[in-house]
Amino acid sequence: MYIVLNKDRMVIEKEQDVVPYRNRVKEFAVKIGMSLVNQTKLITAASELVRNMLKYANGGVTTIEVISKGRENGIRLIFEDKGPGIADIKLAMKDGFSTGKSLGLGLPGAKRLSSEFDIKSTVGKGTTVTLIKWKNG
Amino acid sequence: MDRIPILRMGNFLLVTIQVDLYDRLAQNLESDLVQMVSKTGARGVLIDISALSIVDSFMGRIIGNIGSVSKIMDAETVVVGMQPAVAITLIELGLELKGVHTALNVERGMQLLKEKILIEESEPDEE
């Protein structure tokens, strides 16, 4: 259903990796001609998820893809970590819920900023978050 | 270590954030600013974020903390110059930047700070 046109992987293991990662996502978004508002939403969502990965799982691997569905192009981001996993995803997706000392906006906020959002987690094994932002969505 | 410069202008402190903040830089800024408020007795803090292309919940929290701590230290905080796309994104993210004032640009931010301080100073006379 989706055709992957271009792909890049980045390992995230320290906080200094966040800014270069955001810049890489921006490059991809600019390349497909995404509007500035959608770019900003995508990069903000990416920043939230990559920070989560660092904070709760000491990092992980991210994949940036340009994808196409019919006539629509978009960016798909995948965040894979081998952290402790999330026991109650429903609870984690609620605004204001945090097991750390943050605002608890990361996951629900990132979902609101995305066109499509999916999270899978197994306790003790890790978490994978996938999001799509369509160029015009 | 990287630091963001803090300028003193009369009763106010001015900070222009021109690079995308990473965590340690943001945390240094928070502690530097609070110490400057304490040392100089500044009544207002003006933070210019016009060069920031994104503000995520981490940065929002740092800005909120600066506002809250400054408030306890008797200084008002104004955030100025937010890009329209950043404002739209912040609201969708669910971040309201409580505890800080906002203004469109540096000039209006300065005006706002002056008004706030004037109002505070004139209050005791009214009672």
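Analyst: A residue is called partly exposed when its relative accessible area lies between the buried range, under 20%, and the exposed range, over 50%. In this predicted model, Arg3(B) is partly exposed at 45%, whereas Asp32(B) is buried at 17%. The side chains of Arg3(B) and Asp32(B) form a salt bridge, 2.6 Å from N to O. Arg3(B) precedes β1 (6-9) of chain B and Asp32(B) belongs to helix α1 of chain B, so the bridge ties together parts 29 residues apart in sequence.

Turning to the interface, 21 residues of chain B are in contact with 20 residues of chain A. The area buried between chain B and chain A is about 2000 Å², with 57% from carbon and sulfur atoms. On the side of chain B, Ile54(B), Glu92(B) and Leu93(B) lose the most area to chain A, together 29% of what that side buries.

Three salt bridges cross this interface of chain B and chain A. One of them pairs Arg51(A) with Asp56(B) at 2.6 Å, N to O. The side of chain B that touches chain A draws two or more residues from each of α1 (23-40), α2 (57-72) and α3 (84-93) of chain B; α3(B) gives the largest share, six residues. By class, that side has eleven nonpolar, four polar and six charged residues.

Glu15(A) and Arg24(B) also meet in a salt bridge, at 3.9 Å, N to O. Glu15(A) lies in the loop between β1 (3-12) and α1 (18-31) of chain A and Arg24(B) in helix α1 of chain B, so this pair joins two chains. Glu15(A) is buried at 16% relative accessibility, while Arg24(B) is partly exposed at 44%.

How values were computed: Residues are numbered from 1 along each chain as its sequence is written. Chains are lettered from A and ligands numbered from 1 in the order in which they are written. This is a predicted model: local features need pLDDT of at least 70, side-chain atom pairs count only at pLDDT 80 or more; totals for chains, interfaces and linings use all residues. Side-chain values use heavy atoms; hydrogens and water are left out. Contact means heavy atoms within 4.5 Å. Buried area is the accessible area (1.4 Å probe) that two parts lose on being put together, summed over both. A salt bridge is a side-chain nitrogen of Lys or Arg within 4 Å of a carboxyl oxygen of Asp or Glu. Helices (H or I, at least four residues) and strands (E, at least two) are DSSP runs, numbered from the N terminus. Ala, Val, Leu, Ile, Met, Phe, Trp, Tyr, Cys and Pro count as nonpolar, Asp, Glu, Lys and Arg as charged, and the others, Gly among them, as polar. Buried means under 20% relative accessible area, exposed over 50%, partly exposed in between (1.4 Å probe, protein chains only).
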